[in-house]
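Dear colleague,

I am passing on the structure we spoke about, with some notes on what was found in it. Please look through it alongside the text below.

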Amino acid sequence: MIYPWQGQLFGHVMQQRDCLPSAWLLQGPAGIGKRDFAWHLAQALLCEGGVGDAAPCGQCAPCHWFKAGHHPDFRSLGLEEEAPSETSEEAQPPRKPSGQITVDAVRALEPFLQAGTHRQGLRVVVIEPAEALNLHAANALLKTLEEPPAGTLFLLVTPVHARLPATLRSRCRKLPFPIPSREKARSWLSAQGVEDPDLLLALAGGAPLFALRLANQEGSARPQWLKQLADPAISLPQLSESTTKWPVSEWLGWLQRWVHDLLSQKLVHQACFHVDLASLSARQAERADLAVLLAWERQIRAARRLENHPLNPRLLAESLLLPALSMR
Ligand SMILES: [Zn+2]
């Protein structure tokens, strides 16, 4: 499936079906539907019942094989083997980081790439999240792309394309995914039954599938936790304890947006993300030193790069929450 904000992009890509690259790099922020787009595109390119640039017919034999997960000319590489569900896959909670896509996984594609295709001469491989390719895996893939097997299309999907080696990126045709318009995102969220799409879109930086996931989990936890950050009665150990109840990626995301809000309050008197707590961030920003905020933001950004690696959540929380105490 694709989303209402992707129709034009899909048409644009399908128009290039007669001059396909060896690899497309689908890049853009998380939570806007790149993964679902990649699978939809793969199905459309393998479909034999559609007309021209249309969406997959859903009726032909290849479409049925694709949906059942055994189209002979399709493979996917990822951290999990499962195909996206009918509903928005990216709206599900983030998967437990299980590490990397290894060189063995890339090499295991070789028999598939060397054998003849079964149907119309096109083979499609989706790699997602592409930034999970470790260095050896990326090098092996680069070798393949330097001498690409005929009729083979790789779709690499990533929210952080800068983490892929430049050599690999240079072998891919770029397909940038912009943040959808607020209007389209809002009406799609409303159609999903989300009651406060504007707040959730603000929290999600405009990414609708991310906003939907927040809607499914957004209780009182986030605002309460942020109020604790600002509450002088809550000690650092207490704060760390309540923080480590959540996965690192979860609270780190909240904290990063909070610090962005503090910076933005400091500079332009406006909150961008936690708009429901704008008066709190305004008060905190008044007491905050700009240099401290900038250093805090850098510290969080560095921690985010490591959030998928084993680390001591308690120590991490204590070091990252410490600057909050100076603003109470
Ligand atoms: Zn079809």
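This is a predicted model: local features need pLDDT of at least 70, side-chain atom pairs count only at pLDDT 80 or more; totals for chains, interfaces and linings use all residues.

Residues are numbered from 1 along each chain as its sequence is written, and side-chain values use heavy atoms, with hydrogens and water left out.

The zinc ion has as its protein donors the SG atoms of C47, C57, C60 and C63, at 2.3 to 2.4 Å (donors being N, O and S atoms within 2.8 Å of the metal, or 3.2 Å for Na, K and Ca). Along the chain these donors follow the spacing C-x9-C-x2-C-x2-C. The arrangement is tetrahedral because the angles between the four donor atoms are 103 to 121°, where all angles must lie between 85 and 135 degrees for four donors to count as such. C63 is buried at 1% relative accessibility, whereas C57, at 28%, is partly exposed (buried means under 20% relative accessible area, exposed over 50%, and partly exposed in between, with a 1.4 Å probe and protein chains only).

Strand β3 (residues 123-127) is largely enclosed by the rest of the structure, because five of its five residues are buried (strands are DSSP E runs of at least two residues, numbered from the N terminus). R123, V125 and I127 cover one side, and V124 and V126 the other. Strand β2 (residues 74-77) runs parallel to β3 and is joined to it by four bridges, with F74 opposite V124; pairing requires at least two DSSP bridges. β3 also pairs in the parallel sense with strand β4 (residues 152-158), over five bridges.

Best regards

Technical notes
Four donors count as tetrahedral if all angles lie between 85 and 135 degrees; four count as square planar and six as octahedral if opposite donors are over 155 degrees apart and all others between 65 and 115; anything else is irregular.
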